[in-house]
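Okay everyone, thanks for coming. Let's have a look at this one together, and I'll talk you through a few spots.

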Amino acid sequence: IVTGVFVDSAIQVAQRDRNILVEQQRKSRESTTQHLLNLLKEIDEDNSGEISTDELAEAMKEEHILNYFEALQLETDDIQGLVNLLDIDGSGRDRNILV
């Protein structure tokens, strides 16, 4: 009986730990997403709701923007590749990124 209680208790603790870990990852993902959206809005200089290749190329001259993309482990050497990566609707329309 003691072993059964111990095992049950260990399972409950492990489940709580898993739930906490999942919640932390969800919050981290939400925070990263929000920071990225804010950064993309900053890059959208004309507030059109889209980021042109030219706007992105200009933004990539800013150290804080480069640092953020690098922190996300996104390659910034190839602007067109970055545009393709961020073109979430897949339209390729003028190679703009929807913000």
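So, let's start with Lys 61, which counts as exposed, at 61% relative accessibility. Keep in mind that this is a predicted model. What does the side chain of Lys 61 meet? It meets the side chain of Glu 58 in a salt bridge, 2.8 Å from N to O. Glu 58 itself is partly exposed, with a relative accessibility of 41%.

How many salt bridges does the structure hold? There are 3 of them. Let's go over to helix H1 for the others. Glu 23 pairs up with Arg 26, and their closest N and O atoms are 2.3 Å apart. Those two sit 3 residues apart in helix H1, about one turn of the helix. Then Arg 26 also forms a salt bridge with Glu 30, again listed at 2.3 Å, N to O. Here the spacing in helix H1 is 4 residues, so about one helical turn separates Glu 30 and Arg 26. Shared partners join Glu 23, Arg 26 and Glu 30 into one network.

Now for the inside. The largest nonpolar core has 12 residues, including Leu 36, Ile 51, Met 60, Phe 69 and Val 83. Helices H1, H2, H3 and H4 each give two or more residues to this core, and H1 gives the most, with 4. As a general point, nonpolar side chains in soluble globular proteins tend to be buried together.

Definitions and conventions
Residues numbered from 1 in each chain as written. Predicted model: local features only at pLDDT ≥ 70, side-chain atom pairs only at ≥ 80, totals over all residues. Heavy atoms only, no water. Core = buried A, V, L, I, M, F, W, Y, C linked by side-chain atoms within 4.5 Å. Buried < 20%, exposed > 50% of the residue type's maximum accessible area, 1.4 Å probe, protein only. Salt bridge = Lys/Arg side-chain N within 4 Å of Asp/Glu carboxyl O.
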